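Here is a short report on one protein and its ligand. Look at the structure first, then read on.

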Amino acid sequence: MQGAGAHGALAAAWGAWLSPGPMEESDEDGEDNEEFLEQLMVQTGREVPQQELEEHYAVLEELGSGTYGRVVLTKPRDGGSPVVLKLMLKEQTERRAFLREYCIALCLSSHAACLRALPIAFESATHFAFGQELAPAGDLYQHPLQEGLAEELVKRCASQLAEALDFMHSRALVHRDVKLDNVLLFDRECRRVKLGDFGLTRVQGSAVGAMSGTLPYTPPELCLLQGSDTLELDSSLDVWAFAVLLFCLCTGCFPWAAATSSDPQFEDFSAWQGGVVGRGVPASWRGFGSGALEMLRRLLTLDPDRRSPAIEVQKYLSVPWVVATSTREPEPSSSRSPLTSGTGESLGGSGGWDAAGGGDVVPVPATNALASCR
Ligand SMILES: Nc1ncnc2c1ncn2[C@@H]1O[C@H](COP(=O)(O)OP(=O)(O)OP(=O)(O)O)[C@@H](O)[C@H]1O
Ligand SMILES: [Mg+2]
């Protein structure tokens with residue numbers, strides 16, 4: 001939408017929507033937001049021009065690609081600064097889905113930890129497109145995790161992502177796709193990171209069905225859905241995925257393949273979480289300090305109604321998250337689970353995260369840690 005006049009009205013609408021206060025006290029946030037979003041989509045839809053990509057932009061580089069289409073770095077032919085365009089194949093994208101993602105991205109752009117959308121959108125014969133700021137250091141999935149990131153970097157990510165989620169949740173929006181590849185980096189040291197990809201974002205309270213894909217991040221209440229069952233969408237879903245992401249950043253591994261009782265790592269975790277007698281801290285969690293364990297347990301509370309909000313991580317930034325291998329307390333043998341017994345001795349590693357018998361975490365190939373974390 002490069003046409004004049006389009007931005008003024010929309011900017012006013014976004015401003016009104018984003019002003020905190022009355023909305024947070026309303027019992028009907030979800031409905032208000034749904035209605036607002038609908039209006040914004042209708043208005044935006046009227047103003048999206050038809051134009052061909054190559055006529056207006058020279059594509060410099062592909063930044064990401066998938067079934068949805070591509071994300072490319074472009075140079076406007078009229079001489080402006082480079083622009084990232086998210087291109088969605090019309091064949092695979094409903095117009096409404098494109099408008100929803102673009103409008104939500106615009107609404108969230110005022111927050112420092114949400115990837116900024118630009119007031120540029122168009123449709124070509126084959127694609128829908130909208131502009132975004134460039135994240136020059138790529139995404140967290142591309143970052144070499146090996147045995148986890150340095151704790152300082154993990155905490156920088158955690159703090160900024162918690163702010164982004166808190167902002168979204170206070171506006172009754174649920175991201176629904178919190179994962180490593182949707183966290184964009186502006187520098188290698190994670191001083192500035194942003195949450196991006198609002199393609200699955202929906203208003204809290206919408207009915208959602210079972211999802212395929214992204215299983216390690218999916219909370220147990222969603223994994224339990226069968227067939228056409230639905231669940232009322234809640235911010236606790238993002239909190240679970242956020243905690244799984246933090247585990248990944250600290251260890252370089254997923255805590256489990258899926259949060260289902262048939263997954264031995266998850267079963268081990270949930271027995272400990274539920275206080276089952278004789279089931280202590282699972283082996284793959286023993287590298288965390290006690291404060292971090294408490295934080296993760298709160299974020300990964302099995303009952304979504306009792307799960308802590310994402311912003312709680314801020315309370316834990318001053319305590320150690322990863323315990324130096326030489327100072328880790330060995331788990332008393334009586335409290336070891338059958339799964340972990342016999343592996344607990346390997347707590348002392350050669351530095352970095354030692355998953356205390358890494359055989360019982362979702363394994364990470366030595367050469368490309370992130371590849372297994374998707
Ligand atoms: N603004 C940006 N700057 C740099 N890289 C980006 C930017 N936006 C996206 N990317 C890259 O492109 C990838 C895909 O982008 P995005 O997640 O928005 O698309 P998607 O279709 O929703 O992907 P998926 O369905 O796989 O999650 C990102 O994981 C990231 O590596
Ligand atoms: Mg994505």
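## Contacts of Lys86

Two residues are in contact if their C-beta atoms, placed from the backbone, lie within 7 Å. By that rule, Lys86 touches Val71, Ala129, Phe130 and Gln132, leaving aside residues up to four places away in sequence. Keep in mind that this is a predicted model.

Lys86 sits in strand E3. Is Lys86 buried or exposed? Lys86 counts as buried, because 27 C-beta neighbours lie inside 10 Å and the cut-off for buried is 20 or more. The UniProt record, an unreviewed entry, places the feature "binding site" at Lys86.

## Around ligand 1

The shell around ligand 1 holds 20 residues. Gly64, Tyr68, Val71, Ala135 and Asp197 come nearest. Sorted by class, the shell has eight nonpolar, seven polar and five charged residues.

Which strands supply at least two residues each of this shell? They are strand E1 (57-66) and strand E3 (83-89). E1 gives the most, with three residues.

## The whole protein

The protein has 374 residues, and 42% of them count as buried. Its elements are 10 helices and 11 strands.

Definitions and conventions
Residues numbered from 1 in each chain as written. Chains lettered and ligands numbered in written order. Predicted model: local features only at pLDDT ≥ 70, side-chain atom pairs only at ≥ 80, totals over all residues. Near = placed C-beta within 6 Å. Helix = DSSP H or I, 4+ residues; strand = E, 2+ residues; numbered from the N terminus. Nonpolar A, V, L, I, M, F, W, Y, C, P; charged D, E, K, R; others polar. UniProt positions renumbered as here; feature names shortened; annotations may be inferred. Buried ≥ 20, exposed ≤ 12 C-beta atoms within 10 Å, placed from the backbone.
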